[in-house]
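Please read them with the coordinates open.

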Amino acid sequence: MAFPDSRPRRLRASPALRTLVRETELSPKDFVLPLFIRPGRGEKRPISSMPGHFQFSVDTAVKAAGEAVKLGVPAVILFGIPDRKDAKASGAYAADGIVQKAARAMKDKYPDLLLISDLCFCEYTDHGHCGIVKDGKVLNDPTLELAAKTAVSQAKAGFDIVAPSGMMDGQVGMMRKALDAAGFSDTPILAYAAKYASGFYGPFREAAESPPSFGDRSGYQMDPANFLEAMREVQLDVDEGADMLMVKPALPYLDVLKAVKTRFGLPTSAYQVSGEFAMIKAAAAKGWIDEKRVALESLTCIKRAGADFILTYYALEAARWLA
Ligand code: PBG
């Protein structure tokens with residue numbers, strides 16, 4: 001049917017009509033709040049490139065988690081800034097490691113809040129790479145041993161979901177085996193399945209104090225130019241037992257997100273990363289865009305493209321706007 005019989009504007013004529021036919025509805029239930037945890041007490045150090053975000057100590061992080069609970073945000077993902085970094089990333093799998101401590105304290109206070117662990121080593125190694133380094137190279141298989149240990153350590157600390165983000169080959173399978181052997185066969189794995197080597201992670205590296213001291217992450221994270229490679233990466237994670245998938249970053253990779261959701265059919269998330277957040281904040285601070293409108297539009301589009309949930313630094317603000 002063509003014009004004039006078909007007039008799509010008919011369904012846009014009033015707010016009520018638009019509400020009736022809207023295909024995608026955002027809700028605080030869609031969000032996961034990232035939190036950065038550092039040692040100490042009473043700490044709340046602003047992250048300059050991420051306005052409204054802080055490096056918290058465990059006690060203040062628990063308060064931030066409480067804010068999420070109050071607003072109906074169902075989950076947080078924790079990143080640790082350990083007091084000491086070394087070549088073996090010991091802080092990542094220490095029983096009293098920084099995110100392990102935070103997880104125990106949060107579980108204690110908010111047992112129903114879902115705790116997700118970002119399982120990676122760049123925050124814990126003295127060179128800032130996501131694995132064991134030898135002769136300037138990140139070694140895959142020795143890093144898997146650490147990933148297995150870290151997954152078990154995080155599950156023991158009370159994390160509900162472990163999310164490997166190191167982009168090592170075989171990490172999902174290795175972690176699944178280790179979790180099962182340790183009695184955590186019910187702990188789901190959220191795989192950072194399609195994670196790109198992205199310039200949009202810039203502000204995060206300030207937040208987590210984790211920039212690589214040499215080179216970059218292109219030897220393990222994916223080339224932004226590639227789509228088919230993402231499909232192969234995701235297939236491997238699915239075959240190795242991933243329960244949920246993630247695409248990261250979000251907005252520049254909606255084609256990948258859409259394909260991952262439709263091809264694999266698993267619960268799929270997207271990470272609206274630090275640079276995506278910082279760009280909206282910065283442009284809004286200059287008065288060049290309407291922050292609330294652009295942030296909610298971005299999140300709506302990420303959901304429309306196929307995200308069942310979104311890791312976003314806007315989690316609390318967006319939940320308030322939607323309330
Ligand atoms: C850990 C990790 C990073 C991010 C999430 N997990 C940094 C990186 O890969 O360099 C980035 C998230 C963000 O930018 O918000 N490897």
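1. Backbone at Asp135. Asp135 sits in the loop between β6 (132-134) and β7 (137-139). Its phi is near 45 degrees, a positive value in a residue other than glycine. Helices (H or I, at least four residues) and strands (E, at least two) are DSSP runs, numbered from the N terminus.

2. Basis of the values. This is a predicted model, in which local features need pLDDT of at least 70 and side-chain atom pairs count only at pLDDT 80 or more, while totals for chains, interfaces and linings use all residues. Residues are numbered from 1 along each chain as its sequence is written, and side-chain values use heavy atoms, with hydrogens and water left out.

3. Cis peptide bonds. Phe3 and Pro4 are joined by a cis peptide bond with omega near 10 degrees; Pro4 belongs to the segment before α1 (15-21). The bond between Lys248 and Pro249 is also cis, with omega about -10 degrees. Pro249 is in the loop between β10 (244-248) and α9 (254-264).

4. Ligand shell. There are 19 residues around the ligand, and Arg205, Arg217, Lys248, Ser274 and Tyr313 come nearest. A residue is counted as near if one of its heavy atoms lies within 4 Å of the molecule. By class, the shell has ten nonpolar, three polar and six charged residues. Here Ala, Val, Leu, Ile, Met, Phe, Trp, Tyr, Cys and Pro count as nonpolar, Asp, Glu, Lys and Arg as charged, and the others, Gly among them, as polar.

5. An N or O atom in the side chain of Arg205 is 2.6 Å from a ligand oxygen atom. For the side chain of Ser274 the distance to an oxygen atom of the ligand is 2.7 Å, and for a polar side-chain atom of Arg217 it is 2.8 Å. On its own the ligand has 400 Å² of accessible area, of which the protein covers 100%; areas come from the Shrake-Rupley method with a 1.4 Å probe.

6. Largest cavity. A cavity is a set of points, on a 1 Å grid over the protein atoms alone, where a 1.4 Å probe fits but cannot get out; lining residues have an atom within 4 Å of a point. Two cavities of 30 Å³ or more are found. The largest has a volume of about 140 Å³. It is lined by 18 residues, and Cys122, Lys195, Tyr201, Phe204 and Lys248 are the closest to its centre. The ligand takes up the space of this largest cavity. Its lining divides into eight nonpolar, four polar and six charged residues.

7. Second largest cavity. Its volume is about 40 Å³. The lining includes Leu119, Cys120, Phe121 and Cys130. Six of the lining residues are nonpolar, three are polar and none is charged.

Conventions: Polar contact = N/O pair within 3.5 Å; in protein donor to acceptor, adjacent residues only side chain to side chain. 1 Å grid on protein atoms, 1.4 Å probe; cavity = no way out; pocket = protein on both sides within 12 Å on 5 of 7 lines; lining within 4 Å. Sits in = over half its atoms within 2 Å of the grid points. Points joined across faces, edges and corners; volume = space filled by probe spheres on them.
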